[in-house]
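Hi,

Here is the structure I said I would pass on. Have a look at it first, and then read on for what turned up.

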Amino acid sequence: MPVTTAVTTRRSARKPKGDGHLRRAEILEAAERIFVAEGYEGATIRKIADEVGVSSTALYMHFPDKGGILLEICERTIIQLLERNAAIAAKPLDAVTRVKLMLDSYMRWGFEHPNAYLLVFAGVHPVSTVWHEGTADMGARCYEIFSGAVREIAAEGRLRSGTGDSAAQALWAACHGVVALMTGRPNFAWAPVDEVIEVTLDGLMHGLVVD
């Protein structure tokens with residue numbers, strides 16, 4: 001599985017009017033690329049519209065401004081991760097297995113959506129400035145599901161060090177670092193993604209959890 005990297009911007013030919021849902025998705029994908037490549041401040045509605053191949057006026061029919069585009073990217077990202085964590089948490093599995101599956105899912109989502117990941121999680125822009133209360137609540141719920149499973153491991157007396165909270169933070173930070181480095185530095189001679197994910201999770205879980 002090759003490393004998926006952030007995509008550079010490109011200008012599309014002007015497109016005829018099309019399905020609103022599909023066009024909205026195109027706008028979001030184009031905005032992700034431009035926000036990552038040029039920064040939030042460097043991105044403009046005109047640049048995003050040119051990337052999609054529509055007029056600025058047509059783009060404004062879908063979003064009021066670029067802040068609204070960024071907000072929807074953040075919401076879409078958090079919703080997808082929340083749904084994944086909730087589905088794994090509902091499985092009748094032991095806490096260690098659930099934690100490992102959540103981290104695996106998180107990393108794979110990042111590799112599959114590198115632009116959205118870098119934008120929301122890697123400090124390209126302080127996205128918390130556009131989050132409203134509902135988005136923040138979803139983000140907190142997503143992390144709570146994961147950290148709750150780690151606290152179950154701690155309650156079973158299976159952590160080699162730290163507490164449920166510090167272990168959850170260390171696990172998340174370690175996996176985030178792998179995704180951010182591999183997507184942000186595509187020219188490094190990285191090992192295959194599947195192998196890096198496996199080595200990362202095996203090292204983290206065996207090093208932290210008592211068998």
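Glu 51 belongs to helix α2. Bear in mind that this is a predicted model. Is Glu 51 buried or exposed? Its relative accessibility is 4%, and buried means under 20%, so Glu 51 counts as buried. Along the sequence, Glu 51 and Ile 27 are 24 residues apart, yet in space their C-alpha atoms are 8.3 Å apart.

Helix α2 covers residues 45-52, and six of its eight residues are buried. Besides Glu 51, the buried set holds Ile 45, Ile 48, Ala 49, Asp 50 and Val 52. Directly after α2 comes Gly 53, with a positive phi of about 95°.

There is also a record for this stretch. UniProt, in an unreviewed entry, puts a "DNA-binding region" at residues 44-63.

The charged end of Arg 24 sits over the ring of Phe 63, at 4.2 Å from the ring centre. Lys 66 does something of the kind with Tyr 40: its charged end sits over that ring, 4.5 Å from the centre.

Now for the rings themselves. The structure has seven aromatic pairs. One of them joins Phe 35 and Tyr 40, with ring centres 5.4 Å apart and planes at 45°, so this pair is tilted. Both Phe 35 and Tyr 40 are buried.

Another pair is Tyr 106 with Phe 121, which is edge-to-face, with 5.8 Å between the centres and 70° between the planes. Which parts of the chain does this pair tie together? Tyr 106 is in helix α5 (residues 95-112) and Phe 121 is in helix α6 (residues 114-121), so the pair links parts that are 15 residues apart in sequence. Tyr 106 has a relative accessibility of 10%, so it counts as buried too.

Helix α4 (residues 66-89) packs with α6 at an angle of about 105°, and the axes are 10 Å apart. That angle makes the two helices, α4 and α6, roughly perpendicular. If you want to find the contact on screen, these are the residues that make it:

- from α4: Leu 70, Ile 73, Cys 74, Thr 77, Ile 78 and Leu 81
- from α6: Ala 116, Leu 119, Val 120 and Phe 121

An α-helix has 3.6 residues a turn, so residues three or four places apart point the same way.

Last, the chain as a whole. How many helices and strands are there in the chain? The chain has nine helices and zero strands. Of its 211 residues, 42% are buried. Among contacts between residues at least 6 apart in sequence, 75% join residues at least 24 apart.

Cheers

Notes:
Residues are numbered from 1 along each chain as its sequence is written. This is a predicted model: local features need pLDDT of at least 70, side-chain atom pairs count only at pLDDT 80 or more; totals for chains, interfaces and linings use all residues. Side-chain values use heavy atoms; hydrogens and water are left out. Rings of Phe, Tyr and Trp (its six-membered ring) pair if their centres lie within 6.5 Å; planes under 30 degrees apart count as stacked, over 60 as edge-to-face and the rest as tilted. Buried means under 20% relative accessible area, exposed over 50%, partly exposed in between (1.4 Å probe, protein chains only). Helices (H or I, at least four residues) and strands (E, at least two) are DSSP runs, numbered from the N terminus. A charge sits over a ring if NZ of Lys or CZ of Arg is within 6 Å of the ring centre and within 35 degrees of the ring normal. UniProt positions are given in the numbering used here, feature names are shortened, and annotations may be inferred rather than shown by experiment. Axes are lines fitted to C-alpha atoms, for helices over the stretch in contact, and angles run from 0 to 180 degrees between N-to-C directions. Angles under 35 degrees count as roughly parallel, over 145 as roughly antiparallel, 65 to 115 as roughly perpendicular and the rest as oblique. Contact means heavy atoms within 4.5 Å.
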